[in-house]
Amino acid sequence: MKKGLALVLASMMMGMCVGCGSSAQNSEVASRDASSKSDSVAENNGATEEMKTVAIVQYVEHPSLDTIRESIIEELEVKGYVEGQNIKIDYQNAQADQSNLNTIASKFVGEKADIIIAIATPAAQAAAAATSDIPVVFSAVTDPLSAKLVDNLESPSGNVTGTSDAIPVDQTFELCKELTPDVQKIGFLYTASEVNSQSVIEEAKTLAADYGFEFEESTITNPSELQQAAEILAGKVDAIYTPIDNGIASAMQVLAEVGKNAGIPVYVGADSMVADGGYATVGIKYEDLGVKTADMVAEILGGKSVSEVPVATLDQFYKVINKQTGEAIKAPVDVEGATIVE
Ligand code: TRP
């Protein structure tokens, strides 16, 4: 009763007509405008269109994650969602800090963002924990099921969907056989707390036997431990494999140096980690992931419900090899079909 009256009053103040067109829709617009967005109403073909807030939370500054964010914003424009015209983008970076993530997520919820885009697993988990009604579209989450972001990839039952950057571990193992056929024992190196790495390493352990690889596992709790852990591991194995791990990626140069000094290849999960000195990967293009993510955001802004927008993964993978690293460890650098980082 009270709410209805408030809506009518708000609509009158806004000079709008409850009962014109779909009253439910108009009431909703009126109530939102009355709360805070009265200055951001744009006219579009005679219909009143509300300026929507697209909130973006990114876990850490990193080339792959920056690429995704930039690609999302570009593709949103292609889909007709233009910053300053019909959307307002509120971008926040948590600088790899969990308490920043929580603060940002609750700020977005407090400000009633229309949609939250969350880049990387920790950001997605913070956004999902902060709201059960604002749609959350994640990007670059390697394993959305293990991260407990969705219960069903095809038809998520909650308010959360998005894109995964999962890559096939078997193709990385194939690449290892092709480029460095003498490798017998691989060291799996990752951050113990990162669920996105845990599930990939589980898969790698299962697959290793099929490829005749032995393995040794080593985990770190934070990037400051990387140097020592990598040196110890490098002394025991013929190659190191590290998945798309936020902590290791942030200190990738350290791992790359250890690999070069030990003369062993470091296989990684992302092209940016090759650019930072890793030897090789079979990875996705993060631009493509950004485009896919933005398309899903556009669908939801356009009225689709989250359950109608399945989690997406990419099926195009690219070989990337670092020339300097390859030369330093005397491994091949001119490989057909591979992108070479100079
Ligand atoms: N896949 C990581 C996650 O699930 C995020 C990520 C994507 C990433 N690409 C990266 C991390 C490159 C470091 C480097 O959280």
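Predicted model: local features only at pLDDT ≥ 70, side-chain atom pairs only at ≥ 80, totals over all residues.

Q95 is partly exposed, with a relative accessible area of 47%. This residue belongs to the loop that runs between β4 (87–93) and α4 (98–110). Most residues other than glycine have a negative phi.

A140 also has a positive phi, near 65°, and is likewise a residue other than glycine. It is found in the loop between β6 (136–139) and β7 (160–164). A140 is buried, since its relative accessible area of 6% falls under the 20% limit.

## The largest nonpolar core

In soluble globular proteins, nonpolar side chains tend to be buried together. In this model, the largest nonpolar core comprises 78 residues, and V54, I116, L189, I240 and L255 have the most contacts inside it. Helix α12 (residues 286–301) supplies the largest share of this core, with eight residues. The core lies between domain 1 (52–165 + 285–310) and domain 2 (169–283 + 318–341), because both domains give residues to it.

Leaving aside residues up to four places away in sequence, L189 touches S218, L226, A229, A230, L233, I240, Y241, T242, P243, I248 and L255. Two of these partners, I240 and L255, are themselves listed with L189 among the residues with the most contacts inside the largest core.

Note on methods:
Residues numbered from 1 in each chain as written. Heavy atoms only, no water. Core = buried A, V, L, I, M, F, W, Y, C linked by side-chain atoms within 4.5 Å. Buried < 20%, exposed > 50% of the residue type's maximum accessible area, 1.4 Å probe, protein only. Helix = DSSP H or I, 4+ residues; strand = E, 2+ residues; numbered from the N terminus. Domains from an automatic or database assignment. Contact = heavy atoms within 4.5 Å.
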